[in-house]
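Here is a short report on one protein chain, written from its atoms. Please read it with the sequence and the coordinates open.

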Amino acid sequence: MRVLTIDMHRLERALNDPGAFEHYLDLHSGQLIALDAEAPDLQVLHELEGDPERYAAILPLDSADRIAMREAFLFDLHDPHAHPLLAAALQSRRPLRTFGYELEQFPAARRAWPIYEKARLHELALNWLMELGLEPAAEAAQAETQIPEGIRRRLLRA
């Protein structure tokens, strides 16, 4: 596995960004590139097209994946009042928007959601990098501390 310096926070945001930007990872330098789909930078576009093996497209989570993440969050949520309303929100016509609206009604769940989402996005980013045969440099340094697996899982879930 090749170790590469990667801005993991930007990578996580790119995975969760269904916006107007296309995101790419430079497999040689670890640089993240955001390309405006509406008005792309021609020089960057030329670089991407000139050496397609060097760049990996970062595909953002689609609606189904984003809904599935929220459903998984509900499995960890131990609030008997919030759970049914949030589950119903995910079955509504506009599940992501309704989930966000209903989440505002429950302060503990509202505080827990961004922590859960960040941990899950981090895990997804690491899995994607692993599929590419890459390991972020910061993660490689953390691996040297040898955090026991059970504790690491609880930290990611918290």
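Phe73 counts as buried, because its relative accessibility is 3%. Buried means under 20% relative accessible area, exposed means over 50%, and partly exposed lies in between (1.4 Å probe, protein chains only). The model is predicted: local features need pLDDT of at least 70, side-chain atom pairs count only at pLDDT 80 or more, and totals for chains, interfaces and linings use all residues. Residues are numbered from 1 along each chain as its sequence is written, and side-chain values use heavy atoms, with hydrogens and water left out.

The structure holds five aromatic pairs. Rings of Phe, Tyr and Trp (its six-membered ring) pair if their centres lie within 6.5 Å; planes under 30 degrees apart are stacked, over 60 edge-to-face, and the rest tilted. Phe73 and Phe99 form an edge-to-face pair, 6.5 Å centre to centre, with 80 degrees between the planes. Phe73 lies in helix H3 (residues 63-76) and Phe99 in helix H5 (residues 95-103), so the pair ties together parts 26 residues apart in sequence. Helices (H or I, at least four residues) and strands (E, at least two) are DSSP runs, numbered from the N terminus. Phe99 is buried too, with a relative accessible area of 1%.

Phe73 also pairs edge-to-face with Trp113: 5.2 Å centre to centre, 70 degrees between the planes. That pair links distant parts of the chain, with Phe73 in helix H3 and Trp113 in helix H6, 40 residues apart. Both Phe73 and Trp113 are buried. Which residues form one aromatic cluster? They are Phe73, Phe99, Trp113 and Tyr116.

## H3 against H5

Two packed helices are described by the angle between their axes and the distance between the axes. The axes of H3 and H5 come within 10 Å and cross at roughly 30 degrees. Axes are lines fitted to C-alpha atoms, for helices over the stretch in contact; angles run from 0 to 180 degrees between N-to-C directions. H3 passes H5 in a left-handed crossing, that is, the near helix is turned anticlockwise from the far one by less than a right angle.

H3 supplies Ser63, Arg66, Ile67, Arg70, Phe73 and Leu74 to the contact. H5 supplies Pro95, Leu96, Phe99 and Leu103. Contact means heavy atoms within 4.5 Å.

## Helix H6

H6 (residues 107-131) has 25 residues. Its first and last C-alpha atoms are 37 Å apart, close to the 36 Å expected at 1.5 Å a residue. The expected span is 1.5 Å times one less than the number of residues. Among the buried residues of H6 are Trp113 and Tyr116, along with Glu117, His122 and Trp128. Just after H6, Gly133 takes a positive phi of about 80 degrees.

## Leu35 in strand E3

Leu35 is found in strand E3 (residues 32-36). Is Leu35 buried or exposed? Leu35 counts as buried, at 4% relative accessibility. Beyond four places in sequence, Leu35 touches Ala20, Phe21, Glu22, Tyr24, Pro40, Asp41, Val44, Leu45 and Leu48. Leu35 and Leu48 are 13 residues apart in sequence and 10.0 Å apart in space, C-alpha to C-alpha.

## The whole chain

The chain has eight helices and five strands. From the N terminus on, the order is β-α-β-β-α-β-α-α-α-α-β-α-α. Of the 158 residues, 34% count as buried. Residues 24 or more positions apart account for 64% of the contacts with a separation of 6 or more.
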